[in-house]
Amino acid sequence: MATLKLEGLRKEYGRTVALEGTDLSLGDGEFFVLLGPSGAGKTTTLKCIAGLEEPTAGRVEIGGRDMTGVEPYHRNVAMAFENYALYPQKSVFDNMSFPLKSKRYAVSGEEARKRVERVAETLNIPHLLQRLPRELSGGQKQRVALGRVLVRPADILLLDEPLSHLDAKLQMEMRAELRSLGDMQGTTSFYVSHDYREALALGDRIGVLHKGKLHQVGTPEKIWHRPADTFVARALGQPEMNLIPGAAVSGAGGRVFRSRDGEIEVPLQGNPEVSEGTEVELGIRPLDLDLADGEPRPDTVEMSGSVYVVERLGRELEVTVTVGEHRIAAITNDAGARPGDRVRLRFPASKLHLFDGESCRRLEQEAGVMDRG
Amino acid sequence: MSATTADDRAPKKVSSGRRALRPYLLTLPALLLTIGILYPFGLGVFYTFFDYSASNPQPGFIGLENYTNMFASSDFWSSALVTFEYAIGTTVIETMLGVAVALLLYRGSLVSGVLEKVLILPLMIAPVIATIMWNLMLQPSIGVVNYLLSPFGLGGIEWTDSPGLALFSMIMIDVWVFTPFVAILALAGMRSLPRDPFEAASVDGAGYWYTFRRLMLPMLWPYILVAVIFRFMDSLKMFDIIYALTQGGPGDSTMVLQVRAYQDAILFTSFSQGLAYMVVLWAIVFGITRILVGVLGRAQARAAGAS
Amino acid sequence: MESTKAPTSNERPGGGLREVAINLLTILYFAFALFPVFWMIIVSLKPSNELFSTYFFFHPTFDSYRTVLGLAGDSGVPFVRFFMNSLVISIGAVLLSLIIGIPAAYAFARFHFRGSKDLLFTILSFRFAPELMVIIPLYVIYQKLGLFDTYIGMIWVMQLVTIPMIVWILRSYFQDLTPELEQSALLDGYTRIQAFMRVAAPLVRPGIAAVALLSFIFAWNNFVFPLILTSSNAQTVTVGSLTFLGGNRPNYNLTAAAALVAAVPPLILALSIQRYLVRGLSFGAVKG
């Protein structure tokens, strides 16, 4: 178990910058998830930590020790690859016991057998030990890859999208297993994914990566409730957070948000640190939106529009409403909505997000507001 | 599974400089070998600017005289002509025949299963040996070929002794040896093609030849092109077959460039002169290879986009 | 090469005639391809007195083979010696090429480094270079160095044939290997060399074997190098097979026997590399 620290980690491939000066600190035993779309630089980060790639600048510290120039086999790091990377000509048992035959992690044959069997039990694959990788299903291969990583001691566990090639149902099962495994092992884990649901479910903390830049690091609550910019805001949530461009203007009782087409006006609480006329974007998550009926309630904001399309998502509906020139998505249980209906969308004022129109960064609505998460 | 911390002693470090050195160390022996081969090559080019021969072991510098003499001599041009005739003849015939054979095997028949296994046989026989075989068969009076042709009234053909036919015979031997090369590549290409376009064409009612011309051939192009490049380049420098059959005769009618160089440099020991022939041949081959490889690259890219 | 169903086959009525035609044409080609070998076998089995008298009907005998192989007294041609020379030189050349070529191919496949492209294409250019361009200067150099007509001299020059093949084809095989396998081994505590030996090498072993055999075949079949750079000592079987043809009364049956003996090793080896043929022949340009 050890801490992990990335200082100014930067990686360039020729003229392409894969990672821009990243700083990150993981505590001992922390389960960290790096979230980002493909090409964001997640795998590059993992490879730099593992020592499979040399950073162009910056450094990696494991357990307080500078790892610059240290070969992978000296770093005491374990990694599960996205494509499993199982040795094709070896049986599952041989795959999992392979690390235990290296000089570094060598144990007696008896001890190796015990460990492999124990890990196989934990992962529910003891019956597969004599099979070859080509005879295994995706889920089984993924467990073997995990097993290989767990049989030997490691300071840091690196997991590169291990669940991305599994079907949805299996993904959910494995997610739960991974989390419980993580708790059991207590090894500092660095998990990489493009699926925000995995990130929210697994991570002690989440880092959002985009084009090599870390946009925000925080607990799942913080990332969800207080996204640092529009990218982070849209990265989590399906459908994405609704973003309405507009400006902050003066209005009754303080600042008011007015959308570009003038259709939407929302009073902004408190004293937002934004000057008159600044371009801003208003964000509101579909989950926080509802179809209103009856009287407007206090501390809520309403918008009127007509239903564009309704999609059934199991028990809920995704209703897209046209408000002015905007399409707003809402998740609701109200089964009565039909395309063309005139409806009122309603959301609690506290769930409102505000972002600077140019920098896309989050704007606090109340001065001196405490960090809730 | 208790995880232990990293080594208590500080982990060994490898400087990035040393790491960058690795590929160079791995390729060092190859580099040395390459230099070892380039040396005689460079020496050869060097010699062409002198009048080096066995009778003149202390050669003097004569600049481009070897080349000017060579380009002025009809010997060179007739050699060049024969070389190109040979190369074009063999490549064209082998390509067409090879693709045809591949089609036959691909289409499949009662005999194709068994016969495909021996497709490679002629290719594995050294061209010299093949020439010996055919030489035996083509002997005018006692060779079996004329014997088999005599019922058709074609017996008594002087396969190797008449200038026109000698070249034809050599081309035929080359075709015999190397057609399997084209066929194997084309067959592999055919088998690697995706099914869907063909099924769609079949549903649309496309005929056999139309499908072949418009659909299969364009997709096979990279494979065929590889075969063509290899065959053409190799035919330009063919030595074995010519030497073993007629040594360039009758007269000079089959004196391809490399055989001429052999004659000049080894038999007549005019090293510089023979080398001049080789430099020109090498330049031709080099130039054409560059062009064809470029064409191949584009063809492969196009085929990759189509699939 | 397994047979797959042709996607262009439309089974139409009147297909019977088509079947016949295809079978016929196929047989026609293979008759052309196989007859010379068949004929050579016949000639090699003919006793000398029946060489010119009949074509297909004769009393077969192994005398020619016995003479060629030196089992029936001295034929004047040390053919077995030539055979051994071919063996030594071909095996030696392939071994040297493997030692030099495998690390180079691996480096070309895995690393990008300055000069790699140039070196790679220079090696490829050896495949297409006219041999005499190198042989003629070597003829002079070898005389001076005492390498003329020696095993070492021949093994060295044979690299021109074997190295391009081994480097280019193995590079193609190494490129096929996902780097993750070796990376996984690195993290599991193995050094780079160990990771290569225990993970990468076993996976390309069949490819290495195939390319070694293919290179052996082309080294064995080579004619130009031994023709010029050897005389009696290190002469190979390809050059040696021509010697029976010399003189007033060329010994056709001896020649046939010699030619067949010279052709046998490549033929036997070819049977074992069927699967790797396409990639081997095209130098990795095309995967079978």
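Trainee: What do the elements of chain B look like, from the N terminus on?
Mentor: Read from the N terminus on, chain B runs α-α-α-α-α-α-α-α-α-α-α-α-α, which amounts to 13 helices and zero strands. These names rest on DSSP runs numbered from the N terminus, a helix being a run of H or I of at least four residues and a strand a run of E of at least two. This is a predicted model, in which local features need pLDDT of at least 70 and side-chain atom pairs count only at pLDDT 80 or more, while totals for chains, interfaces and linings use all residues. Residues are numbered from 1 along each chain as its sequence is written, and chains are lettered from A and ligands numbered from 1 in the order in which they are written.

Trainee: Why is Y277(B) called buried?
Mentor: A residue is buried if 20 or more other C-beta atoms, placed from the backbone, lie within 10 Å of its own, exposed if 12 or fewer, and partly exposed in between. Y277(B) has 30 other C-beta atoms within 10 Å, and is therefore called buried. Y277(B) lies in helix α13 (residues 271-306) of chain B, and 43% of the 307 residues of chain B count as buried.

Trainee: Which residues does Y277(B) touch, not counting those up to four places away in sequence?
Mentor: With that exclusion, the residues touched by Y277(B) are M70(B), L257(B), R260(B), A261(B) and D264(B), where contact means that two C-beta atoms, placed from the backbone, lie within 7 Å. P222(B), by comparison, is 55 residues from Y277(B) in sequence and 32 Å from it in space, C-alpha to C-alpha.

Trainee: Why is chain C described as more spread out than a compact globule?
Mentor: Chain C has 12 helices and zero strands. Its radius of gyration is 24 Å, well over the 19 Å that the globule rule gives for 288 residues, so chain C is more spread out than a compact globule. The box filled by its C-alpha atoms, taken along the principal axes, is roughly 75 × 75 × 35 Å, and 49% of the 288 residues count as buried.

Trainee: Where in chain C is confidence lowest, and where highest?
Mentor: On pLDDT, the predictor's confidence in each residue from 0 to 100, chain C has a mean of 85, with 92% of its residues at 70 or more. Among its elements, helix α12 (residues 277-281) of chain C is lowest at a mean of 79, and helix α3 (residues 79-110) of chain C is highest at 94. Over residues 1-14 of chain C, pLDDT stays under 50. Where pLDDT is low, the predicted coordinates should not be read in detail. The model as a whole scores ipTM 0.87 and pTM 0.84.

Trainee: What makes up the side of chain C that touches chain B, by class?
Mentor: In this interface, 77 residues of chain C are in contact with 78 residues of chain B. The largest share of that side of chain C, 15 residues, comes from α1(C). By class, the side has 60 nonpolar, 16 polar and one charged residues, where Ala, Val, Leu, Ile, Met, Phe, Trp, Tyr, Cys and Pro count as nonpolar, Asp, Glu, Lys and Arg as charged, and the others, Gly among them, as polar.

Trainee: Why are β6 and β10 of chain A called edge strands?
Mentor: Six strands of chain A form an open sheet in the order β6-β7-β8-β3-β9-β10, with mixed pairing. Two strands pair if DSSP finds at least two bridges between them, and β6 (77-80) and β10 (213-218) of chain A each pair on one side only. Strand β3 (residues 31-35) of chain A is joined to strand β9 (residues 205-210) of chain A by four bridges, and these two run parallel; I206(A) in β9(A) is the bridge partner of V33(A).

Trainee: What makes helix α1 (residues 42-50) of chain A mostly covered?
Mentor: Nine of the nine residues of α1(A) are buried, among them K42(A), L46(A) and I49(A). Just after α1(A), G51(A) takes a positive phi of about 90°.

Terms used:
The radius of gyration is taken over C-alpha atoms; the globule rule is 2.2 Å times the number of residues to the power 0.38.
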